[in-house]
Amino acid sequence: MGDPRGYSEPSEDKTEPFSQSEIQARLQRSHLEEFNAMNSTVPLDKLVVPLDEDIRILMRPLARDRTVREDQNLLPLELRAEEEDEAPHQVLAVRQTSRDISYTVSIPDYSNPNRRLICVLYYDPASDNQVLVNRSHMPFTLSRISQEPEGSRGEQYQVNPQFSRALAPGTWRITMEGVDLLDFRLLERRPVRLRAVSSAASDLSGTSDSTVNSSGKRSFLADEDDPVSPQKRRRPSKDARGKEEEDRVIMFLPAKATTKTEPGKELSAPTGHPLLDLESDETVEVPRGGGVVGYTLTKKEPIASTALSSVFTAEYSDAPGRYVVAKVLRTTSPATAKNNEGAVAKTVIRQAQTWLRELENLERLNHKSIVRLYGGDARFLSLYMEPVDGRDLSARDTWRHTSTDRFLGDSSDALRILEDISSALHYMHGKDLVHNDIKPGNILYSRERGAVLCDLGLSSEKPSPSFGGTPWYVPPEFIGLGKRGAPSDVWALGVVMLYVLDKIPWPEVRGHRNHPRHLFWRIADVHERDRNLQAAAVSSMQRWLSELNAVRNQLDLKNKVERLVHGMLAPNPKERLTTGDIISHLFAAQSPRR
């Protein structure tokens, strides 16, 4: 007799493979059981999430015949509502680990693959927001169903394929073709602790490690409508600085938390990014599950700060020698801070992908002339790397003359730099990786250590389209092909060597607006659809290439290094020297440096 539920119950001793219909039936039964377990009327906003887990998303599938595809970071969780006498409710939870920049939600439609829901949620380390990208073939409607903050309920957006939307914490619903598919709640980031040496002890009365926000849930930042800038962080008063120094622990508090302070004591306000807001000798304690401290990072001295990243020396508890160079990517800048939501979303996505690319590529490499990676954390888009005793080749008063922008080293430095970096690139190319941004600023050098290649944020598997980098080091074939590969790195190193051999000043100086021979173009504009922008970029690039070719033609071919640089700057990539050629000429009587 047929089973009324629509599927046959196979016997346990069946040995032949299940038919496709039986497999689908079993999947359907599993999905129904999961759906029934989660079919609760309690809003996701009412569920209390434990503080000792890095849970960033709660999900509840809404369509009876469709469910969320399994993932290693997706786990079933039983949570209670705010009323303690309620039974636990089962939901799907997404945990962010130190390697996760995003989470992909996938809900298949077995009857029509084109209706499969795919969206990616990128975590923003500088806020509690997440950026949603629609990777489906169809648009869907996104509705906010949270009751708080007041007035936000009812927000609704249509998200077209490949478009993005920045979302604030709270519960949202995805609807596709009139079918409600998913409710998901975005959670605030997990609190971290700041420990600093100060002249004033902090008064944490009225606060605790179980920090809560205005809605009774965990919080890291101020509410969206009450932002607090890093400049509002309070520092010790002059009266307090004379007192005996002692450690204080500061919690990053929500804007509406009640605290008590006394004269001469202080609390830090909530900040956008704990690592970017650190000051010298302050320590961040990054927790692990169960409230255990995962690692600590103490900021020491700043190295560099740009619109895209901040680099500083630090003590890192997981490093072999404790000291590291910390590189933290920024997801906000003055250009994106002017309420330009689309620009902010794109920056979050681009920087997250850059971080992951550099982390994964550095993990693949082990070469004495490539900076070594000790660790990284996706929750902050931070990398913790070997501290190299050397300044980059563009460092003023060290390797670059302040007034002339000429290289301050000699011919022995040039030879050592060529040996070390060509060896590093040969190793990278053997791993099918291209650096894509060889320039003086990405080469650290001291006569004791030698040259060390750093900043693999634009590295890629070869060959690949790449519009990032620095324009003065892009090879001529990019104009026609639009791709970069191993020959591109060789060309870029050749341009660096012209600077190191004192044949040209530091190339980037030409980009300064007040330079008498100002010359600048955007790499992406070389293949811009706007003909005017493209023509201007190509014209500028060709002008620069002509200048380089004139310098190349004046190189002394009797000098070993200059002869190699001449071959590295061959306009035709097929005639250009490879890193293997360079090494074989440099180390003809000895094995290559590895």
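How many bridges join strand E7 (residues 140–144) to E8? I counted through the pairing and found 4, with the two strands running antiparallel; strands here are DSSP runs of E of at least two residues, helices are runs of H or I of at least four, and both are numbered from the N terminus.

Before going on I noted that this is a predicted model, in which local features need pLDDT of at least 70 and side-chain atom pairs count only at pLDDT 80 or more, while totals for chains, interfaces and linings use all residues. Residues are numbered from 1 along each chain as its sequence is written, and side-chain values use heavy atoms, with hydrogens and water left out.

**Sheet.** Looking up Leu 142, I found Tyr 157 as its bridge partner in E8. I then traced the open sheet of 7 strands, which is antiparallel in its pairing and has the order E2-E3-E1-E11-E10-E7-E8, where two strands pair if DSSP finds at least two bridges between them. Strand E2 (74–79) and strand E8 (156–159) are the edges, each pairing on one side only.

**Helix H3.** I checked the length of helix H3 (residues 341–363): its 23 residues should span 33 Å at 1.5 Å a residue, and the end C-alpha atoms are 33 Å apart, which agrees; the expected span is 1.5 Å times one less than the number of residues.

**Helices H6 and H7.** I looked up which residues meet here, taking contact as heavy atoms within 4.5 Å, and found Trp 491, Val 495 and Leu 498 in H6 against Leu 545, Leu 548 and Val 551 in H7.
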